[in-house]
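Dear colleague,

Please find below the structure that I am handing over to you. A short account of the findings follows it.

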Amino acid sequence: TPEEFAAGHLPGAININVESSDFADRVAGLDESTETLVYCQTGNRSGVATDEMADLGFADMSDLQGGIEAWAADGGEVIQ
C-alpha cells in the first residue's frame with residue numbers, strides 16, 4: 001500500500017498497489033521481459049500480485065517471501 005511503501009521500501013522500488021482498481025493498467029506499463037521482484041509488507045498480497053501479473057504475461061518474477069519485514073529483519077537495505 002502507499003502507506004507501507006512510505007514507511008520503507010527496497011532501493012529502486014516502485015509502488016503499484018495490488019488492491020487499487022488501476023493495478024492491471026499500471027502493471028501493463030512495465031516491461032514483461034524484465035526480471036521483477038514483487039513484495040509487500042509480510043508476503044500475503046505479493047502472492048496475489050504475482051498471480052495477477054502472470055495472467056498479464058509476466059513470467060520472470062520472484063516473490064519476496066516474508067515480505068519487506070523479513071527482508072529488513074535479515075539485514076536487507078530498506079529506504080524511506
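**Overall fold**

The protein chain has four helices and two strands; helices (H or I, at least four residues) and strands (E, at least two) are DSSP runs, numbered from the N terminus. From the N terminus on, the order of these elements is α-α-β-α-β-α. With a radius of gyration of 12 Å, close to the 12 Å that the globule rule gives for 80 residues, the protein chain is as compact as a globular protein of that length. That radius is taken over C-alpha atoms, and the globule rule is 2.2 Å times the number of residues to the power 0.38.

This is a predicted model, in which local features need pLDDT of at least 70 and side-chain atom pairs count only at pLDDT 80 or more, while totals for chains, interfaces and linings use all residues. Residues are numbered from 1 along each chain as its sequence is written, and side-chain values use heavy atoms, with hydrogens and water left out.

Of the 80 residues of the protein chain, 26% count as buried (under 20% relative accessible area, with exposed over 50% and partly exposed in between; 1.4 Å probe, protein chains only).

**His9**

His9 is placed in the loop between helix H1 (2–7) and helix H2 (23–28). His9 counts as buried because its relative accessibility is 10%. A polar atom of the His9 side chain lies 2.9 Å from the backbone oxygen of Phe5. Leaving aside neighbours within four places in sequence, His9 is in contact (heavy atoms within 4.5 Å) with Tyr39, Ile68, Glu77, Val78, Ile79 and Gln80.

Yours sincerely

Definitions and conventions: Polar contact = N/O pair within 3.5 Å; in protein donor to acceptor, adjacent residues only side chain to side chain.
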